[in-house]
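This report describes one protein model and its ligand for a reader new to it. Please look over the sequence and the structure first.

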Amino acid sequence: MSKKIRVLVNGARGRMGKEVVKAILNDPTLELVGAVDPAGTEEDAAVVAGLPACGVLLTGDLSDTIEASNPEVMVDFTIPQSVMGNIRIALQHKVSPVVGTTGLSEQDLQEIREWTASYETSCLIAPNFAIGALLMMRFAREASRFFPHVEIMEYHHDQKLDAPSGTAIKTAEAIQEERQKINQGHPDEEEIIAGSRGGEFEGMRIHSIRLPGLVAHQEVLFGGLGQTLTIRHDSITRESFMPGVIEAVQRIRSAKGLVYGLDKLIF
Ligand SMILES: NC(=O)c1ccc[n+]([C@@H]2O[C@H](COP(=O)([O-])OP(=O)(O)OC[C@H]3O[C@@H](n4cnc5c(N)ncnc54)[C@H](O)[C@@H]3O)[C@@H](O)[C@H]2O)c1
């Protein structure tokens, strides 16, 4: 059997981090070598994730853990405030980041692109690791050629920190590349309550719903003469993201520079 890929999980105590720890431990091609999360250290990462102990203890400092455990890939599901620093540390150590943390701006992506060049190490940023969500974005892009009037509704659990979701932004960007630009709705429309029409992106509207009980869901609604078309994807559990994360970990070392979107790596 070929050598296992050495993986560090950053944010290993989080909802996504724990799923990633489980997925890595269950994959015969990968080896968990480090698990970082400042929220609590010294416990076995597998036990925190609900599995029998694996011998990798949670630690609090990313640099020190990279130096001690020598990973090839870092999977990051942390918080928008820390993710840029984490990516930089990983790249400086020639570790390829596979990043699911959302909230990165276009300017951040440009900066990461420059780091990948100066440290000669690849990096994946994926606003959504669910393969069904990637297909939803593809289909939405195609539909917008025929149905330029579109609104995006995204639904997430109420602990999510950023709005709109990275997936909604990426969907809007994909649609914008394909459809003719139009300003939707009535030109004289007025919001009686601020924000009622949602966020505006290149003439499209994006609506973010936050409720307990939700995981990650999105509808892309198209309206045409006498008809509507709805494309919907639901992540029902966080396991839905894991096949995409594993594919990314397996492929990122052979990619070059910054890869933005899992679709660029797997389609
Ligand atoms: N790309 C995707 O497919 C996808 C899917 C789901 C969630 N997300 C994103 O992943 C991120 C995490 O989501 P979550 O629900 O797991 O959040 P969470 O709050 O459950 O977990 C975040 C974890 O990061 C830890 N953390 C904070 N600062 C850190 C640092 N400097 N270094 C290491 N760990 C740190 C926290 O202690 C916490 O345990 C969010 O940005 C969310 O939007 C992306």
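## Salt bridges

The chain holds 16 salt bridges, a salt bridge being a side-chain nitrogen of Lys or Arg within 4 Å of a carboxyl oxygen of Asp or Glu. This is a predicted model, in which local features need pLDDT of at least 70 and side-chain atom pairs count only at pLDDT 80 or more, while totals for chains, interfaces and linings use all residues. Residues are numbered from 1 along each chain as its sequence is written, and side-chain values use heavy atoms, with hydrogens and water left out.

Side chains of opposite charge can pair when their charged atoms come close.

| Pair | N to O distance |
|---|---|
| E189 and R197 | 3.1 Å |
| R232 and E219 | 2.6 Å |
| D263 and K264 | 4.0 Å |

Strands here are DSSP runs of E with at least two residues, and helices are runs of H or I with at least four, both numbered from the N terminus.

Burial is judged by relative accessible area: buried is under 20%, exposed is over 50%, and partly exposed is in between (1.4 Å probe, protein chains only). E219 is buried at 15%, whereas R232 is partly exposed at 41%. D263 is partly exposed at 23%, and K264 is exposed at 56%. A network of salt bridges links R141, R145, E177 and E178.

## The ligand

Around the ligand there are 22 residues, of which R15, M16, D37, T102 and A126 come nearest; a residue counts if one of its heavy atoms lies within 4 Å. A polar backbone atom of R15 is 2.9 Å from an oxygen atom of the ligand. For M16, a backbone N or O atom lies 2.8 Å from a ligand oxygen.

## The chain as a whole

Nine helices and 12 strands make up the list of elements in the chain. Buried residues account for 49% of its 267 residues. Its C-alpha atoms fill a box of roughly 60 × 40 × 35 Å along the principal axes.

E120 sits in the loop between helix 5 (106-118) and strand 6 (123-125) and is exposed, with a relative accessible area of 68%. E120 and G257 are 137 residues apart in sequence, yet their C-alpha atoms are 7.3 Å apart in space.

Note on methods
Polar contact = N/O pair within 3.5 Å; in protein donor to acceptor, adjacent residues only side chain to side chain.
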